[in-house]
Amino acid sequence: MAEQTVLSNTKISLSSASMSDPSALPLLHFFVAFLLLCILSFAFLKKRYSRLRLPPGPPGLPILGHLHKLSLDPHKSLQSLSRTYGPLLFLKFGSLPVIVVSSPEMAKNILQKQDQNFAWRSPFVVHRVLHKYPTIAGSQPDPAWRSIRQICATQLFAPTKLKSFQPIILEEIRSLLRSIDADGHQKSCVRSKLHAASINIISRMTLGNKLQMNESNSAANASAHLTNLLVESIELSGFFNLSDYVPWLAWMDLQGCERKSKALGGKLQKVWTEIIDERRQYRNIVCPEREDTDFLDILLSAFEIKDPPLEYEKIAPILYDIFAGGTDTSAITVEWALAELISHPSKMKRVQDEIDEVVGNSRLVEPEDVQNMPYFQAVIKETMRLHPLLPFLVPHMAKAECRVEDFDIPANALTLINVWAIGRDEKVWGSALDFSPERFLGSDIDVRGRHFELLPFGSGRRACPGMLLGIINVNLMLACLRQAFVFEPNERLDKTEKFGIVMALANPLLIRASPRVPIHLLLE
Ligand code: HEM
């Protein structure tokens, strides 16, 4: 069977035209125009790059560049091209220059040495249509972006703040355990339960409470509604949209990305407007003497003192990023870790023995316990090595023309750091495809962006601002799940990936779990 490519996913279909059929004339004109455009654009790009010493790459096609080389698993296609052409690869997706980075050394060069030039983002269509103003992840590294990151760093993710949120996190994890316990002998869809726990945590941290919405009759419904919108928007953002690479085709919206983004953007906007308007009303009318008590208050105060004032709509994309970052990421990472442990029963047993030794079964795991559980920590690192959540990070862009090693990089080059390929590089890891947490025992490699062979959170000024919260959530969710339940082992579990900006298991994990701690621990 022919390999499916990102292009075969589009709806382009041009039927053959016959000269004797007058209705075919417009089609003929189209073809002549198309051919001319091909020749012109090919000649233009060749001239444009002729003075540069570009990194190696395969020959491309006019108009398409190398788009035809991408399968529906682009991280794998690019890994394979990098094996042939080297760790710094030059491609063109349509007319957009692209570099692909697949070694720790090159990643260090870009994310550390030339961090400032590579901290930019390409203006993708979906992002522009989905959000009226740029999100944190989609913003260029300008003063507004810096100031929002600063607010997040001090008001949401500072270690003292995170400590104050610990009771919330533990409460929501207990509720997650109870929900799995309630499924009894039935299989649980652990992803949806992890999503629910994660969105409740992030909602209580930012809004002071679980989500409430006019249309939903319960917090659980409101959370599920927003989770679905967030997951859908993350999927859409990871789609290879032809309009981004062949802009003159954009008006046709061949893959329907613009249309879907408009519809989804409207639904998301409705949610944020309701949340922000209700709080503004409360602050201005019901309780004007209220002090800032949560992150939304802090954002509103920060925007109130800005000149020109009151651009409240700019708060929506910040909430979007915090909710999207806080909901899908931890849930999918824990799901991957569980999938690996369930398919490696001896490693699962080793985790269980360590938790039993350090914590016992008279209380649940607490954040401080994790530092005494080296094998458990190694399991998390190994999961993030084999299954980095964002296989290309959030794609970066080179603002200005620059040099990397001996090569010239054109301005505006989309920069894909293939952390998925780096994590599976035999030269870096040895037995790279094996799930072997043991490799991290006694090693000082960590996930915080200082070791370029392991970059699940990125590195440099664009590194994930929610990293500490992500680590706490993942550690506690996985450790408590493991402590509280025995999972049915399954060495043949389906671990097929579904490519996206966030890469999850293609088929959500369904697990049968039986409790192994006294039930009162779940109820406290
Ligand atoms: C296991 C958990 C998580 C993982 C693996 C993860 C991973 C990442 C990665 C790889 C990036 C892109 C870095 C780059 O562009 O170079 C990123 C960016 C980001 N993450 Fe996370 N993340 C996690 C949790 C969180 C949480 C909990 C939040 C917020 C509550 C969050 C919010 C963000 C935001 C706002 C950005 C964009 C930063 C920017 O572009 O300036 N993430 N994350």
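How many of the 13 residues of α14 are buried? The count is 11 of the 13, so α14 is largely enclosed by the rest of the structure; buried means under 20% relative accessible area with a 1.4 Å probe, protein chains only.

The model is predicted, local features need pLDDT of at least 70, side-chain atom pairs count only at pLDDT 80 or more, and totals for chains, interfaces and linings use all residues. Residues are numbered from 1 along each chain as its sequence is written, and side-chain values use heavy atoms, with hydrogens and water left out.

Select α14, residues 374–386; helices are DSSP runs (H or I, at least four residues) numbered from the N terminus. Its buried residues include Tyr375, Phe376, Ile380 and Met384. The buried residues pack against α12, α13, α15 (419–423), α16 (426–429) and α17 (467–484), where contact means heavy atoms within 4.5 Å.

On the α12 side, show Thr333, Trp336, Ala337, Glu340 and Leu341; on the α14 side, Val379, Thr383, Met384 and Leu386.

Then switch to α13, residues 345–358, which packs on α14 at about 140° with the axes 8 Å apart. Here Lys347, Arg350, Val351 and Glu354 of α13 meet Pro374, Tyr375, Phe376 and Val379 of α14.

How values were computed
Axes fitted to C-alpha atoms, helices over the stretch in contact; angles between N-to-C directions. Helix = DSSP H or I, 4+ residues; strand = E, 2+ residues; numbered from the N terminus. Buried < 20%, exposed > 50% of the residue type's maximum accessible area, 1.4 Å probe, protein only.
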